[in-house]
Amino acid sequence: MKKLVLGLVIMLVIVFDSNAQESKVEVRAGYGVLSAQAIGSVLSNSIVGGLAGYEKTDISSGGALIFSLLFNPSNRISFGLDFGYEKLDVIYESPSQANITSKDRFITVMPRVDLRYVNKEAYSLYGSLAAGGSFLSAERGNESEQGVAFAYQITPIGIRFGNNIALFAEAGFGFRGLLNAGLSVRL
């Protein structure tokens with residue numbers, strides 16, 4: 001934990017020391033598909049359903065809704081917070097057993113850091129790392145439970161097209177999804 005805090009402090013000192021322009025705030029709203037929690041749910045629910053004797057498992061996801069608040073203190077680095085919401089519904093079906101419905105809801109909060117590889121006026125190419133927590137609320141039949149899980153996102157490639165109002169698209173793995181895209185506004 002001490003190493004993590006020390007690393008964050010060093011990173012913030014470097015970012016603010018290399019401040020070449022006035023800080024800007026960026027707000028993003030996006031949608032992601034094939035998130036880590038959805039992939040994990042598909043795998044685990046398929047295995048559990050098969051072992052319990054269910055013949056069919058229907059899994060539906062609404063995708064990951066993502067909202068981000070970023071601070072751009074320099075031309076190369078930005079940092080901020082990601083907020084996400086995703087719902088996963090699973091129905092176990094069998095002619096010999098009663099159907100079971102499972103409803104999982106994830107609310108995710110992750111601090112993030114972006115490193116821009118290319119930063120032009122009309123577009124930027126970047127990578128991103130995020131880590132935080134995801135709060136799970138689950139209902140299975142008549143039972144309910146809550147929990148917290150480690151949340152992460154590793155995005156080696158992202159692109160943003162536009163200046164103050166822009167579109168973005170990212171490819172990575174984690175709680176924002178394998179692919180996510182949306183709208184970005186710099187204030």
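**View A. Lys103, a partly exposed residue of strand β5.** Lys103 counts as partly exposed because its relative accessibility is 35%, which lies between the limits for buried (under 20% relative accessible area) and exposed (over 50%), as judged with a 1.4 Å probe and protein chains only. The model shown is a predicted one, in which local features need pLDDT of at least 70 and side-chain atom pairs count only at pLDDT 80 or more, whereas totals for chains, interfaces and linings use all residues. Residues are numbered from 1 along each chain as its sequence is written, and side-chain values use heavy atoms, with hydrogens and water left out. Lys103 sits in strand β5, where helices (H or I, at least four residues) and strands (E, at least two) are DSSP runs numbered from the N terminus. Residues up to four places away in sequence aside, Lys103 touches Leu88, Asp89, Ser137, Ala138 and Glu139, a contact being heavy atoms within 4.5 Å. Asp89, which is 14 residues from Lys103 in sequence, lies 4.6 Å from it, C-alpha to C-alpha.

**View B. Glu86, a buried residue of strand β4.** Glu86 belongs to strand β4 and counts as buried because its relative accessible area is 2%. With neighbours within four places in sequence left aside, the contacts of Glu86 include Ser35, Gln37 and Ala38, together with Ser61, Gly63 and Ala64. Asp104, Arg105 and Phe106 are also in contact with Glu86, and the C-alpha atoms of Glu86 and Asp104 are 8.3 Å apart, although 18 residues separate the two in sequence.

**View C. Strand β3 and its partners, β1 and β4.** Strand β1 (residues 24-33) runs antiparallel to β3 and is joined to it by nine bridges, where two strands are said to pair if DSSP finds at least two bridges between them. Within this pairing, Gly30 has Ile66 of β3 as its bridge partner. β3 also runs antiparallel to β4, with seven bridges between them, among them that of Ser68 to Asp82 in β4, and a hairpin of four residues connects β3 to β4. In a regular strand, side chains alternate between the two faces of the sheet. Leu34, in the loop between β1 and α2 (36-51), has a positive phi of about 55° although it is not a glycine.

**View D. The antiparallel strands β6, β7 and β8.** Strands β6 (residues 123-140) and β7 (residues 143-162) pair in the antiparallel sense over 17 bridges, and the bridge partner of Ala130 in β7 is Gln153. The two strands form a hairpin with two residues between them, and Gly141 in this turn has a positive phi of about 65°. β7 pairs in turn with β8 (residues 165-174), again in the antiparallel sense, over eight bridges, with Gly158 bridged to Glu170 in β8. Two residues make up the hairpin link from β7 to β8.

**View E. Phe175, the largest nonpolar core and the largest cavity.** The largest nonpolar core consists of five residues, Ala36, Met110, Ala130, Ala151 and Phe175, where a core is a set of buried Ala, Val, Leu, Ile, Met, Phe, Trp, Tyr and Cys residues joined through side-chain atoms within 4.5 Å. Beyond its neighbours within four places in sequence, Phe175 is in contact with residues including Ser35, Ala36, Ala64, Thr108, Met110, Phe150 and Ala151. The structure holds two cavities of 30 Å³ or more, a cavity being a set of points, on a 1 Å grid over the protein atoms alone, where a 1.4 Å probe fits but cannot get out.

Notes
1 Å grid on protein atoms, 1.4 Å probe; cavity = no way out; pocket = protein on both sides within 12 Å on 5 of 7 lines; lining within 4 Å. Points joined across faces, edges and corners; volume = space filled by probe spheres on them.
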